[in-house]
Amino acid sequence: MAYELRERAIFGATSATTATHDVGLLVLRLVVGLTMAGHGTQKLFGWFKGPGLSATGKGFTMSGYPAGDTMAVVAGLSETLGGLGLALGFLTPLAGAALTGTFINILAVRGLNTFFAPKGVELESVLFAGVIALTLTGPGRFSVDHLLPVLRESRPRYSVLGLLLGAVVGFVVLLLRD
């Protein structure tokens, strides 16, 4: 009996490890999600010393996207709503899809020629890895999704489908680029 309890404590999840796991996911969700939401509001509203919609639209046009202003709205909404969804743990697979499509385009435009600053993509890569990890693991107990039974019961399926949806949409948008 003592051996069985010790084995369960070593290899099984205890309430303490589950609580720290959920707190860790909450911290990661808040940092990655609010960072992305902040980037989105910079594009949409010019908040946090951002460029705003007009300048962001011109940037999309210069990057070869058609209808730069429309693309700026799509990117800003994807980042803002996807980031807030991730931060709240609300419809996490869809939040992951929105941000995955965004990051595919960010990395394609920025290029993968160099990883480190000043022109590197290390920040984008770390944020994208956080989005993928959170989409695959789920948001944890301290989330809105935890209250939605369908997302608790079928999380792995929806997580993979969310990432696939985001990748497909991201590459389709990328194909629109000149």
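Helix H6 (residues 122-137) contains 16 residues and spans 22 Å from its first C-alpha to its last, close to the 22 Å expected at 1.5 Å a residue. Helices here are DSSP runs of H or I with at least four residues, numbered from the N terminus, and the expected span is 1.5 Å times one less than the number of residues. This is a predicted model, in which local features need pLDDT of at least 70 and side-chain atom pairs count only at pLDDT 80 or more, while totals for chains, interfaces and linings use all residues. Residues are numbered from 1 along each chain as its sequence is written, and side-chain values use heavy atoms, leaving out hydrogens and water.

The buried residues of H6 are Glu124, Leu127, Phe128, Gly130, Val131, Leu134 and Thr135 (buried means under 20% relative accessible area, exposed over 50%, partly exposed in between, with a 1.4 Å probe and protein chains only). Seen down the axis of H6, these buried residues fall within an arc of 155°, so they line one face of the helix; the arc is that of the directions from the helix axis to the C-beta atoms. After H6 comes Gly138, with a positive phi near 90°.

Turning to charged pairs, Glu124 forms a salt bridge with Arg110, with the closest N and O atoms 2.2 Å apart (a side-chain nitrogen of Lys or Arg within 4 Å of a carboxyl oxygen of Asp or Glu). Glu124 lies in helix H6 and Arg110 in helix H5 (residues 92-110), so the pair ties together parts that are 14 residues apart in sequence.

Conventions. Helix = DSSP H or I, 4+ residues; strand = E, 2+ residues; numbered from the N terminus.
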